[in-house]
Amino acid sequence: QLSLVLDYKDALKQIRNYLAGQLIGATRDETLLEEVFKCLFCKIYLKRNKNIIINYDVSLSVDQKYHHAFHEIKSLLPNLFNGEDKLQLDQSSLEFVDQKLEILDINQWSYDPFGDAYEVFTSSIVKGKEGQFFTPQNAIDLLVELINPQPGETVIDHACGAGGFLHSAARHLINLGINSEEVNQ
């Protein structure tokens, strides 16, 4: 399980390095991170909705599948993305990102893809300047275990950043046998 997490973070680092080398003029990590977040949403959507037509249509390229998925996500989550927002990555970049994100297991709660991407793409210099500090995952898990949230309780993380504590609390509840659909409530 730890190997999968390390492999996943390594895949994110490879994506970051590839995109930084490919996208001249868009080398700022914030810009690259926005595109990777869009791709993460698309990959999760495509994996979670394997029965949708765009997954079965073999004539569609990865590029087309991602653009269709992103359009659907924007309609499902209108407050998450600007209505005019679109995927900025070219076809070869989307294919590279898709291949690297293939390791993503949307049913695996042992890692947090959005939090991990944020850590990989946000340099330590920017984090320090802006007062951003990441609590190590083992410390988060220990604190959640000590607090021991139970079904029906509300979990609030006022300085949630990428949501590491919330993700760990959800994982804790699932390990207690709570249905993942109930955790989302």
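In this predicted model, helix α9 covers residues 164-175 and contains 12 residues. From its first C-alpha to its last, α9 reaches 16 Å, close to the 16 Å expected at 1.5 Å a residue. Which residues of α9 are buried? The buried set comprises Gly164, His167, Ser168, Ala169, Ala170, Arg171, His172 and Leu173. Past the helix comes Gly177, a residue with a positive phi, near 100°.

Helix α2, spanning residues 29-48, packs against helix α4, spanning residues 62-76, with the two axes 9 Å apart and at an angle of about 95°. This angle makes α2 roughly perpendicular to α4, because values from 65 to 115 degrees count as such. On the α2 side, the contact is built from Lys38, Cys39, Phe41, Cys42, Lys43, Tyr45 and Leu46. The α4 side supplies Lys65, Tyr66, Ala69, Phe70, Glu72, Ile73 and Leu76. By residue class, the contact of α2 with α4 holds 10 nonpolar residues and four charged ones, with no polar residues.

Leaving aside residues up to four places away in sequence, Lys38 touches Phe70, Phe81, Asp85, Lys86, Leu87 and Gln88. Among these neighbours, Phe70 also belongs to the α4 side of the helix contact described above.

How values were computed
Residues are numbered from 1 along each chain as its sequence is written. This is a predicted model: local features need pLDDT of at least 70, side-chain atom pairs count only at pLDDT 80 or more; totals for chains, interfaces and linings use all residues. Side-chain values use heavy atoms; hydrogens and water are left out. Axes are lines fitted to C-alpha atoms, for helices over the stretch in contact, and angles run from 0 to 180 degrees between N-to-C directions. Helices (H or I, at least four residues) and strands (E, at least two) are DSSP runs, numbered from the N terminus. Angles under 35 degrees count as roughly parallel, over 145 as roughly antiparallel, 65 to 115 as roughly perpendicular and the rest as oblique. Contact means heavy atoms within 4.5 Å. Ala, Val, Leu, Ile, Met, Phe, Trp, Tyr, Cys and Pro count as nonpolar, Asp, Glu, Lys and Arg as charged, and the others, Gly among them, as polar. The expected span of a helix is 1.5 Å times one less than its number of residues. Buried means under 20% relative accessible area, exposed over 50%, partly exposed in between (1.4 Å probe, protein chains only).
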